[in-house]
Amino acid sequence: MGIFALVSSPSDALTTPKPSRIYIMPCMCVINKTWINMTQEQIIEYLVNQLTISKNSTSLSRNKLISLSDPRQSATVIGFVGTALVVGVFAFVFYLDIPILIRHLRAAVTGQRELLWKRN
């Protein structure tokens, strides 16, 4: 009887057959006799050691550390517009504070503290 069998009752449909175990054995026709006289656990350990890839050597981990350039004109324009908006907001806030900065500097130079609380 194979893996697939006719289901005779609903309880049989809920159980799944166990897959057969895989045993790694060396092929005797291969000239490379790397696995000769090795147990299955030793073979699995050998394969894991040989096939393991370092996490730092994958392209995914390398690309996380660098930023790629985008030569499209639309990307450049959007970058400049975003930069201009951010700089514009900070420049506007600084522009609003210029009169207060001048008043504080004048009060510090002349020693007139009453200039600090004066409203224009």
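Visitor: Why does leucine 68 count as exposed?
Guide: The model is a predicted one, and in it leucine 68 has a relative accessibility of 70%. Exposed means over 50%, so leucine 68 counts as exposed. This leucine 68 is found in the loop between helix 3 (59-64) and helix 4 (73-110).

Visitor: Which residues form a nonpolar patch on the surface?
Guide: Leu65, Ile66 and Leu68 form the patch, and together they have about 390 Å² of accessible area. A patch takes residues with over 30% relative accessible area; Leu68, at 70%, is beyond that cut-off.

Visitor: What makes the pairing of aspartate 70 with arginine 72 a salt bridge?
Guide: The closest N and O atoms of aspartate 70 and arginine 72 are 2.6 Å apart. The cut-off is 4 Å, so the pair qualifies as a salt bridge. The structure holds one salt bridge. Side chains of opposite charge can pair when their charged atoms come close.

Visitor: Which backbone oxygen atoms does the side chain of serine 61 reach?
Guide: Serine 61 lies in helix 3. Its side chain reaches the backbone oxygen of lysine 55 at 2.9 Å and that of threonine 58 at 3.0 Å. Leaving aside neighbours within four places in sequence, serine 61 is in contact with Lys55 and Asn56.

Visitor: How many helices and strands does the secondary structure of the protein have?
Guide: There are four helices and zero strands, and the pattern along the sequence reads α-α-α-α. Of the 120 residues, 5% count as buried, that is, under 20% relative accessible area.

Visitor: Which element has the lowest mean pLDDT, and which the highest?
Guide: Helix 1 (residues 10-14) has the lowest, 54, and helix 4 the highest, 92. The protein averages a pLDDT of 78, with 67% of the residues scoring at least 70. Over residues 1-7 pLDDT stays under 50, and the model has three contacts beyond four places in sequence for them.

How values were computed: Residues are numbered from 1 along each chain as its sequence is written. This is a predicted model: local features need pLDDT of at least 70, side-chain atom pairs count only at pLDDT 80 or more; totals for chains, interfaces and linings use all residues. Side-chain values use heavy atoms; hydrogens and water are left out. Patches are made of residues with over 30% relative accessible area and no salt bridge: like charges are joined within 9 Å, nonpolar side chains (Val, Leu, Ile, Met, Phe, Trp, Tyr) within 5 Å. Accessible areas come from the Shrake-Rupley method with a 1.4 Å probe; for residues, only the protein chains shown count as cover. A salt bridge is a side-chain nitrogen of Lys or Arg within 4 Å of a carboxyl oxygen of Asp or Glu. Helices (H or I, at least four residues) and strands (E, at least two) are DSSP runs, numbered from the N terminus. Buried means under 20% relative accessible area, exposed over 50%, partly exposed in between (1.4 Å probe, protein chains only). A polar contact is a pair of N or O atoms within 3.5 Å; within protein, one must be able to donate a hydrogen and the other to accept it, and residues adjacent in sequence count only if both atoms are side-chain atoms. Contact means heavy atoms within 4.5 Å. pLDDT is the predictor's confidence in each residue, from 0 to 100.
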